[in-house]
Structures are given as structure tokens and as C-alpha cells.
Amino acid sequence: HYKFVNSKTEEKVGTGEAIAIAIDKTRKKQGFYHFWDLNKLDIQPEDKLEYYFEVWDNDGVFGSKSTKTTPQVFAAPSLEDINKAVEKNTEKIKDDLSDSKKDLENLEKDLSDLERKLTEKQELTWEDKKKIKALMENHKALEKQLKEVIQQNTENNETESEFKKVDQEILQKQEQIEDLFNEVIDDQMKELMDKIEALMEKNQKDELMEQLDQLKMTDTDVKKQLDRMLEQLKQLQLEKKINETVNKIDELAKDQEKLSKESEKGEKNADDLKKEQEKLSKK
């Protein structure tokens with residue numbers, strides 16, 4: 001059983017229904033799992049749902065009796081809570097991207113140093129191989145780090161759109177940024193690193209040098225992509241803040257109009273109206 005106990009849409013309050021759950025009636029004791037898709041209920045920010053489970057026995061003599069679980073409450077976050085969470089997550093994504101960019105710059109420097117040293121040698125030493133392996137491991141760690149940032153960004157977008165209607169233009173820009181994220185990690189980088197490791201094991205220094213140079217150029221391209229992503233994230237963040245401010249002003253205008261009508265009808269006393277007006281003015 002569920003019903004809405006709070007909603008900005010007043011018609012929703014008190015509405016709900018009972019959903020039958022299949023059980024095995026031949027067993028006296030059993031566990032069950034029930035998946036409840038709340039997306040079908042068009043839940044809006046600050047909506048609250050109360051829900052519980054109820055089961056009946058099959059007493060044919062005295063009639064069916066039921067027992068209920070303790071009612072639970074599902075509360076959707078407010079718009080302000082959603083915006084704060086998204087803002088906090090976006091700041092972390094930006095910080096992680098900046099860290100990845102610094103790590104990439106360090107890798108480029110290490111690659112240049114290694115290339116310079118290898119130019120002076122006829123063949124690879126054990127120490128050279130050790131350095132190359134370390135560089136490959138660092139590249140793999142960076143790739144993993146970037147995949148985690150991609151996942152954070154996806155989850156952040158999902159958090160925002162779960163209980164909030166997101167402007168179509170904002171959605172398109174989010175998709176563009178997601179495309180950029182996915183372009184950063186591609187199979188070409190992995191293939192290149194596998195090739196470098198294979199050439200290192202075969203001691204083919206000249207071909208290895210060519211591939212290391214190719215990896216350095218790839219790193220430079222990735223760094224440019226990270227710069228673009230950071231700039232687009234900052235721009236999107238700014239546009240979201242502007243939209244949020246506009247929406248807040250629209251809401252305040254509606255509240256002001258409602259208060260004005262209440263004042264005209266004389267539905268509230270002067271002190272209550274004054275307090276509400278002061279609250280609106282402060283907002």
C-alpha cells in the first residue's frame with residue numbers, strides 16, 4: 001500500500017493504491033522481494049510517500065485477518081538539495097579532471113626524459129625496461145582514474161534528472177560533454193601501450209622509440225580534450241546557475257501573486273500576511 005502524504009501538487013496528497021504481490025499460498029513461511037519502480041509515479045521534488053506491506057491469513061472459520069509492517073516514508077529531495085548535490089559533485093569532477101591533467105603532464109615529461117636517454121643507447125637495459133613498465137602502469141592508472149570520472153559525471157547527470165525537469169538545451173550540452181568523456185578513453189591508447197610492452201620484451205629499440213613518440217602525441221591530444229571538457233563543464237555550471245536563479249524568481253513571483261490574492265479575499269489576518277510578505281521579500 002502507498003499514498004502521497006506531502007506534495008506541492010495538492011491533488012496528489014492522499015492519493016495512492018494497493019498493489020498485489022504474488023506469494024506461494026501453500027507455504028506457511030516465506031521471504032519475498034518486491035521491486036517498486038517509483039519513476040512511474042511522476043515523483044516531484046519534496047514529494048513524500050508513505051508505504052507498508054499487508055498480508056492476510058486464510059482463516060475460513062473466523063474470517064481472514066491481516067497484519068501490516070510499520071509504515072515507512074520515502075522522501076524525494078528538494079530542488080535546493082538536488083542543486084547542492086549536483087554542484088558539489090561537479091566541483092569534484094572538475095578537481096579530478098585537473099588532477100588527471102597534471103598527471104598527464106608529468107607522464108609527458110617522463111616520456112620525453114626516457115626518449116632522450118634511449119637515443120644515446122644501442123639497446124635496452126634492465127633499468128630502461130623497468131622505467132618503461134612503470135610508465136605503462138602509470139598510464140593504466142590514469143586511464144582507470146578517467147573512467148571513474150566518466151562514471152561520476154554519468155551518475156551526477158542521473159541524480160539531477162531523477163526528480164527534476166532539466167532544460168532541453170542543458171541536456172544536449174550534458175550529452176556533448178559525455179561524448180567528449182568517452183572520446184578520451186579509446187581502444188587506440190590500449191593498443192599502443194600493448195604494442196610498446198611487446199616491443200620492449202623483444203628489445204626492438206628503434207620501433208619502440210617510434211611508439212613512445214606516438215604515445216606522447218596521444219597524451220598531448222588527451223590533455224587538449226581534458227582542457228575542452230573542463231571549459232565546457234564550467235560553462236554548463238554557469239548556465240545551470242542562471243537557470244536555477246530564473247526558476248527561483250518565477251516561483252517567488254507565483255508565491256507573491258498567491259499572497260496578493262489571499263490579501264484581497266481577506267482569508268488571512270494582517271499579521272500572518274505581513275510575516276509571509278517579509279519572508280518573500282527576504283527570499
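Predicted model: local features only at pLDDT ≥ 70, side-chain atom pairs only at ≥ 80, totals over all residues.
Figure 1. The volume of the largest cavity is about 90 Å³. Its lining consists of L104, H139, L142, E143, L146, V184, I185, D186, M189, D219 and V222. Two elements, α2 (126-162) and α5 (205-265), each give two or more residues to the lining of the largest cavity. With four residues, α2 gives the most to that lining. By class, the lining of the largest cavity holds seven nonpolar residues, one polar residue and three charged residues.

**Figure 2. Packing of α2 with α5.** The axes of these two helices, α2 and α5, come within 13 Å and cross at roughly 20°. Angles under 35 degrees count as roughly parallel, and α2 and α5 are therefore roughly parallel to each other. The crossing in which α2 passes α5 is left-handed. From α2, the contact takes in I132, M136, H139, L146, N153 and E160. From α5, the residues that make the contact are L208, L215, D219, L226, L233 and K240. Sorted by class, the contact of α2 with α5 comprises seven nonpolar, two polar and three charged residues. H139 and L146 of α2 and D219 of α5 belong to this contact; H139, L146 and D219 also line the largest cavity.

**Figure 3. The largest pocket.** The volume of the largest pocket is about 1,600 Å³. A total of 37 residues line the largest pocket, and those nearest its centre are K8, E46, L79, N247 and E251. The elements giving two or more residues to the lining of the largest pocket are α1 (79-119), α3 (168-184), α5 and α6 (270-282). Among these elements, α5 gives the most to the lining, with 13 residues. The lining of the largest pocket is made up, by class, of 21 charged, eight polar and eight nonpolar residues.

**Figure 4. Packing of α1 with α5.** The axes of α1 and α5 come within 9 Å, and the angle at which they cross is roughly 160°. Since angles over 145 degrees count as roughly antiparallel, this makes α1 roughly antiparallel to α5. The handedness of the crossing of α1 and α5 is left-handed.

Figure 5. Two strands, β4 (54-56) and β5 (66-68), are the elements that give two or more residues to the lining of the second largest pocket. The largest share from an element comes from β4, which gives three residues. The lining of the second largest pocket divides by class into 14 nonpolar, eight charged and six polar residues.

Technical notes
Residues numbered from 1 in each chain as written. Heavy atoms only, no water. 1 Å grid on protein atoms, 1.4 Å probe; cavity = no way out; pocket = protein on both sides within 12 Å on 5 of 7 lines; lining within 4 Å. Points joined across faces, edges and corners; volume = space filled by probe spheres on them. Nonpolar A, V, L, I, M, F, W, Y, C, P; charged D, E, K, R; others polar. Axes fitted to C-alpha atoms, helices over the stretch in contact; angles between N-to-C directions. Parallel < 35°, antiparallel > 145°, perpendicular 65-115°, else oblique. Left-handed = near helix turned anticlockwise from the far one by under 90°. Contact = heavy atoms within 4.5 Å.
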